[in-house]
Amino acid sequence: MGKENPAAEKSLNLIRRRLCDPTFIFRPLSASSDSNYSKLKFIVSTSITEGCNNSILLLGPRGSGKSAVLDLVVADLLEEYPDSVSLIRLNGLLHSDDNCAFKEIARQLCMEHHLLFSKMASFDDNSHFIIAMLRECGLAHKTIIFVLDEFDMFAQGKQRLLYSLLDAMQSVTSQAIVVGISSRLDADQLLEKRVRSRFSHRKILFLPPLREELDSLLEHLLSLPADSSFPSGYVSQFNEKIKSITSDTRFKDILRTFFNANYTVNSLVKFIFRAVSLMNLESGLLSLENFKAALSSMQRQPKLEAIRDCSILEQYLLVCMRRLEVKEQSSYNFISVMKEYKTIHDSFQTSDYYAQNVCLRAFEHLREREVICYAENRGQSQTGEYRPMKLLISASELLQGMRSHACCPAILVKLLDH
């Protein structure tokens, strides 16, 4: 085993830390004046400085950076206006119940303003307290930012929380902003008429990064800083290697294949993290092979993995079921599969022949792993041997899985090919 490069471990840890820091990841995507960061900051900062109420929705698929960009904006505003901003966070998965939501808002307001919180307070008590706090904060020129994550969950049921907050914001004395975050693009359409009439109808859509943004993001995440404790020769060599990889058409093909399944910044970060973790610590440099291996490991195919883990007997049973389907036998059970299994054995005089009770256990094992299943729910009173079955894998998946199996008998592949 070769000797590890001391700078390699350090660069690996540096890049991993970057990939775990949403602030670092999304900062370059916020540089443009037309970025979602700039749009959101303008709306929220204007509401703070001008003392007006506002509501806005951040919409986009999971992993597109909605929460990360909001955190960037909030962190900047808390630094710029430390005494003028109060932040309340709710999550629809935890606080969609109105009573729970009002209690959580009251708890966070009490904590923020060093007040005594009563766990025994009723719904009406918490509601009156929140309205009073909105009025007091408005008179003190302090803006309360309500962040409602999983916003669509709050739009279920009677929507009392949304109505109460938006209705209270109609008051001249209140000063608040409601920021909803949702992966449902039609989240605003879920609102009742009385809630929708009080909503500002501002929306920011989070889309995948453009090609030029992607190149800039990759360089930002992977390049080592020149003014660091790394040896200068190593930094230039590492960065040159990164440029060489990212400009390679094969790397672009890898990205294209990966993004066909999931094109979000979050998925890209996971992909890079896996590739970086495969870096050769002896050379201390990333290679195209690292990204190929990362793509392969993230493109899991559970059905193929299940076939590759099958025993020889289980493979025989799968091939028998496939052959019955080819013969257009629409309904078959364990008994008919066993007849096909005996036909193969008699025709080719195979050495792999097992007793029926052993085959039944293998059959049940395949069903437990969801490679096969019962064809219908009817006939549950029948024993397993007589209930109709069906395959849950296609012919091509079965053939591919057999070919990649280390111990698959050649006769099975031959039978599937014909």
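Which residues does N126 touch, not counting residues up to four places away in sequence? They are F102, K103, A106 and A121, where contact means heavy atoms within 4.5 Å. The model is predicted: local features need pLDDT of at least 70, side-chain atom pairs count only at pLDDT 80 or more, and totals for chains, interfaces and linings use all residues. Residues are numbered from 1 along each chain as its sequence is written, and side-chain values use heavy atoms, with hydrogens and water left out.

**Around N126**
- N126 sits in helix α7, residues 123-139; helices (H or I, at least four residues) and strands (E, at least two) are DSSP runs numbered from the N terminus.
- N126 counts as buried because its relative accessibility is 4%, and buried means under 20% relative accessible area (1.4 Å probe, protein chains only).

**The sheet**
- Five strands form an open sheet with parallel pairing, in the order β2-β3-β4-β1-β5; two strands pair if DSSP finds at least two bridges between them.
- Its edge strands, each pairing on one side only, are β2 (85-91) and β5 (202-205).
- Strands β3 (residues 143-149) and β4 (residues 176-182) pair in the parallel sense over 6 bridges, and I144 has A176 in β4 as its bridge partner.

**The whole chain**
- The protein chain holds 21 helices and 7 strands.
- Of its 418 residues, 46% are buried.
- The C-alpha trace spans about 90 × 70 × 35 Å along its principal axes.
- Among contacts with a separation of 6 or more, 72% come from residues 24 or more positions apart.

Technical notes. Buried means under 20% relative accessible area, exposed over 50%, partly exposed in between (1.4 Å probe, protein chains only).
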